[in-house]
Amino acid sequence: MIVIIDYHMGNLRSVEKAVEWVGGEVIVSNDVDVIEEADKIILPGVGAFPNGMKNLMELGLVDVLKKQILVHHKPFLGICLGMQLLAKKSYEFGECIGLGLIDAEVVKFSFADQSLRVPHVGWSDICVLKESPFLDGIQTGDDFYFVHSYHMKNNNPKDVVATCRYGFEFTAAIQKDNMFATQFHPEKSQEKGLRLLSQFVMLGSKVNA
Amino acid sequence: MLKTRLIPTLLLKNGRCIKTRQFDAARDTGDPVKASKIYDAQGADELLFLDITASNERRDILFDIIQRVAEECFMPLTVGGGIRSMEDIRKILKMGADKVAICSAFVENPDFVNQASRTFGVSTIIGIVTYRRVDGKDKVFIHGKETETEQNVLTWAKELEERGAGEILLYSIDHDGMMNGYDIDMIRQVTQSVSIPVIVCGGAGKLSDFVDAVQNANASAVSAGSLFHFTDQNLIKTRAHMKNAGLAVRSV
């Protein structure tokens, strides 16, 4: 069973439908018992970083999530805000501390070039930097749907498995042990996105990297 | 690199796709769920649903359509028309929409823009600017083309950005359904005034119109209804044309 964490940030239904489409058994919940029972965890999310952290804290999910990821090594997929929240901190609306599971910060896009509009919305191709079980069948040049104003700046280049170019190369996907996360939305990226989700669904229930 | 988005517009009334000319004379163009699946198969970059159903009781039909489309089309869905409250936004997102597009309610209550973008995220909120030329001046209109406002297109687009809209949908009433090309001058002025993406709608009648809006006016996304409904141009041919003209488009 895969649990999609419901922390009141954005449209969870699309993620649920897409995971079901590729054959995953899925439940949307913020119940600690359900999360502890689950084999895999998806943290989706659209919205502002501070709200996301606040909701996770208020629902008492911060320690539960960390335990599932770090102690039980459950495969974890973060999407968009769900990736950014893994960072140590974000600069969205001031400074806000994140889950701190990835050595990174989240900063805003800012360009002098007027043709580079913010938010970065639409389909962009990614560059796959290293092999990852999550990216099997995904290649450099494949397009995914992005919609974000902030991006992750990783201090440990080892964690970055794919990048995307928008003015400069930014982090498009990360992997650290059993944690995988994308800045783009696989559930909105048609065939390639579904491919990525099916990789996640088919993974063994524990990933030891 | 970011690709130019090609977005079919589905204008809805009482659960059917319709097409208008200058916001009048609706023609039935079919079932929205079927049309969505075709656009999905042809690799549309996003779908834009604009509901112009007058009565509120029939809103449930829209929810049902969005829900059915979201079950099978795993692509970005934007929904607009008749959205007046935070609760409306919440409901539509829950049905499976990713972004909402709002026109009249933003003009009538500009604080609603701030409130919506703070709660749902900047990138979820699209401000629609519908306008037409009156006595040589471009004026923002709301409630379809019923109500002329005092807002100037450029000032209002800028204010939408400042208040937290993540994109502008620029919709020319005069060009709607006329298939005589986009309002390139206005698009250029708006894209120069704001730094958020601008989606353009109204007037596309031939494939070169899309190229024109991007190359000569810096549009981030091009949208059309009539062209895909009434001509033999489909998204695949359109994309090929845009690519040949040197635009970055998605390879599907």
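Student: Which residue stands opposite Ile126(A) in S11(A)?

Tutor: Ile126(A) faces Cys164(A) there. The labels come from DSSP runs numbered from the N terminus: helices are H or I runs of at least four residues, strands are E runs of at least two. S8(A) and S11(A) run antiparallel, joined by three bridges. Two strands pair if DSSP finds at least two bridges between them. One caution: this is a predicted model, where local features need pLDDT of at least 70 and side-chain atom pairs count only at pLDDT 80 or more, while totals for chains, interfaces and linings use all residues. Residues are numbered from 1 along each chain as its sequence is written, and chains are lettered from A and ligands numbered from 1 in the order in which they are written.

Student: And how many bridges join S8(A) to S9(A)?

Tutor: Six, and that pair is antiparallel too. Look for Gly122(A), whose opposite number in S9(A) is Phe146(A).

Student: What is the strand order in the open sheet of four strands?

Tutor: Read across chain A, the order goes S6-S5-S7-S10, and the pairing is mixed. Strand S6 (96-97) and strand S10 (150-154) are the edge strands, each pairing on one side only. For a parallel pair, take strand S5 (residues 89-90) and strand S7 (residues 104-108) of chain A, which share two bridges. Ser90(A) has Val106(A) as its bridge partner in S7(A).

Student: How many residues does each chain bring to the contact between A and B?

Tutor: Chain A brings 32 residues and chain B brings 28 residues. Contact here is a distance test: the C-beta atoms of two residues, placed from the backbone, lie within 7 Å. On the chain A side, at least two residues each come from helix H1 (12-21), strand S8 (120-128), strand S9 (143-148), strand S11 (160-166) and helix H6 (190-202). S8(A) gives the most, with six residues. By kind, that side has 12 nonpolar, 12 polar and eight charged residues. (Nonpolar means Ala, Val, Leu, Ile, Met, Phe, Trp, Tyr, Cys and Pro; charged means Asp, Glu, Lys and Arg; the others, Gly among them, are polar.)

Student: How do I read helix packing? What is the angle between H1 and H2 of chain B?

Tutor: Two packed helices are described by the angle between their axes and the distance between the axes. Helix H1 (residues 32-41) and helix H2 (residues 59-72) of chain B pack at about 30 degrees, with axes 10 Å apart. So H1(B) is roughly parallel to H2(B), a label for angles under 35 degrees. Axes are lines fitted to C-alpha atoms over the stretch in contact, and angles run from 0 to 180 degrees between N-to-C directions. H1(B) supplies Pro32(B), Val33(B), Ser36(B) and Lys37(B), while H2(B) supplies Ile65(B), Arg68(B), Val69(B) and Glu72(B). That contact has four nonpolar residues, one polar and three charged.

Student: Is Cys80(A) buried or exposed?

Tutor: Cys80(A) is buried, with 28 other C-beta atoms within 10 Å. Buried needs 20 or more, exposed is 12 or fewer, and partly exposed is in between, with C-beta atoms placed from the backbone. Asn218(B), with phi near 65 degrees, is partly exposed, with 17.

Notes
Parallel < 35°, antiparallel > 145°, perpendicular 65-115°, else oblique.
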